[in-house]
Amino acid sequence: METHTIDPADPSAPAPGRPEEETPWLTAREQRLWRAHLEVAKLLDYQLSRELQPHNLAINDYEILVVLSEAPERRMRMTDLATATLQSKSRLSHQITRMETAGLVLRQECPGDRRGLYANLTEQGWETMQRVAPCHVRSVRAHFIDRFSPEQLDAMYEALAPVAEHLRGLRGRG
């Protein structure tokens with residue numbers, strides 16, 4: 001997602017009255033924050049993914065294991081799991097197929113709903129979750145949490161929570 005900053009003193013800046021002027025371009029300060037956010041998100045995802053590879057898990061696999069491990073009876077309707085993991089139903093279906101092949105999850109029909117399916121965490125999936133979670137948490141701590149003071153953690157949460165709430169609200173509309 002590329003954004004631009006415009007310096008009004010720059011002779012190549014858009015002329016007043018043109019549509020570009022109506023765009024609320026990011027200031028240099030805002031651009032610095034936005035790009036740092038993008039870089040951190042990508043680098044953190046990359047690093048956490050690398051550290052899950054020895055466990056034969058992708059970051060999306062791990063997320064599904066976490067969500068299912070926290071669900072009642074360690075199972076969830078596929079549509080709810082897709083929503084919880086921000087995946088399309090089609091993408092999730094392919095991922096669950098791979099995870100079924102690995103013995104981590106099992107699909108089961110929903111009683112009373114011929115088209116509905118549950119994704120269930122298998123015993124092997126639960127054991128994998130218990131084995132990998134400590135490693136993953138150490139990675140999250142080493143590469144993210146421990147980079148901040150307690151005050152910075154609180155400030156970051158306070159800054160990010162309203163953004164997450166806003167974006168969750170937008171998802172509910174579509």
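Trainee: Is phenylalanine 144 buried, partly exposed or exposed?
Mentor: Keeping in mind that this is a predicted model, phenylalanine 144 has a relative accessible area of 25% and is therefore partly exposed. Phenylalanine 148, at 23% relative accessibility, counts as partly exposed as well.

Trainee: How many aromatic pairs are there?
Mentor: The count comes to one aromatic pair. Phenylalanine 144 and phenylalanine 148 form it, with ring centres 5.2 Å apart and planes at 75°, so the pair is edge-to-face.

Trainee: And where do the charged ends of the arginines sit, say arginine 74?
Mentor: The charged end of arginine 74 sits over the ring of tryptophan 126, 3.6 Å from the centre of that ring. Arginine 75, for its part, lies over the face of tyrosine 118, and here the distance to the ring centre is 3.9 Å.

Trainee: Which salt bridge does arginine 75 form?
Mentor: Arginine 75 forms a salt bridge with glutamate 73, and the closest N and O atoms of the two are 3.9 Å apart. Arginine 75 is partly exposed at 26% relative accessibility, whereas glutamate 73 is exposed, with a relative accessible area of 67%.

Trainee: How many salt bridges does the whole structure have?
Mentor: A search of the whole structure finds three salt bridges. One of them joins glutamate 100 to arginine 107, with the closest N and O atoms 3.1 Å apart, and glutamate 100 is partly exposed at a relative accessible area of 27%. Another joins aspartate 146 to arginine 141, where the closest N and O atoms are 2.9 Å apart; aspartate 146 counts as partly exposed at 43% relative accessibility, and arginine 141 counts as partly exposed at 43% too.

Trainee: Switching to helices, why does the span of α2 agree with what it should be?
Mentor: Helix α2 covers residues 28–52, and at 1.5 Å a residue its 25 residues should span 36 Å; the C-alpha atoms at its ends are 36 Å apart, so the two values agree.

Trainee: Which residues of α2 are buried, then?
Mentor: In α2 the buried residues are Gln31, Leu44, Leu48, Ser49 and Leu52. What covers them includes helix α3, residues 59–70, and helix α6, residues 123–143.

Trainee: What about leucine 65, is it buried or exposed?
Mentor: Leucine 65, which has its place in helix α3, is buried, with a relative accessible area of 0%. Leaving aside neighbours within four places in sequence, leucine 65 is in contact with residues including Leu57, Met99, Leu104 and Leu121. Leucine 65 and valine 105 are 40 residues apart in sequence, yet their C-alpha atoms are 8.4 Å apart in space.

Trainee: Where does glutamine 87 sit?
Mentor: Glutamine 87 is in the loop between α4 (78–84) and α5 (89–101), and at a relative accessible area of 9% this glutamine is buried. Its contacts, apart from neighbours within four places in sequence, are with Asn60, Ile64, Ala82, Leu92 and Gln95.

Trainee: Last topic: how many bridges join β2 to β3?
Mentor: Six bridges join β2, residues 105–110, to β3, and the two strands run antiparallel; among the bridges, leucine 106 is partnered by asparagine 120 of β3. In the hairpin of β2 and β3, two residues lie between the strands, and glycine 112 takes a positive phi near 80°. Strand β1, residues 75–77, is also antiparallel to β3, joined by three bridges, and there methionine 76 has alanine 119 as its bridge partner.

Notes
Residues are numbered from 1 along each chain as its sequence is written. This is a predicted model: local features need pLDDT of at least 70, side-chain atom pairs count only at pLDDT 80 or more; totals for chains, interfaces and linings use all residues. Side-chain values use heavy atoms; hydrogens and water are left out. Helices (H or I, at least four residues) and strands (E, at least two) are DSSP runs, numbered from the N terminus. The expected span of a helix is 1.5 Å times one less than its number of residues. Buried means under 20% relative accessible area, exposed over 50%, partly exposed in between (1.4 Å probe, protein chains only). Contact means heavy atoms within 4.5 Å. Rings of Phe, Tyr and Trp (its six-membered ring) pair if their centres lie within 6.5 Å; planes under 30 degrees apart count as stacked, over 60 as edge-to-face and the rest as tilted. A charge sits over a ring if NZ of Lys or CZ of Arg is within 6 Å of the ring centre and within 35 degrees of the ring normal. Two strands pair if DSSP finds at least two bridges between them. A salt bridge is a side-chain nitrogen of Lys or Arg within 4 Å of a carboxyl oxygen of Asp or Glu.
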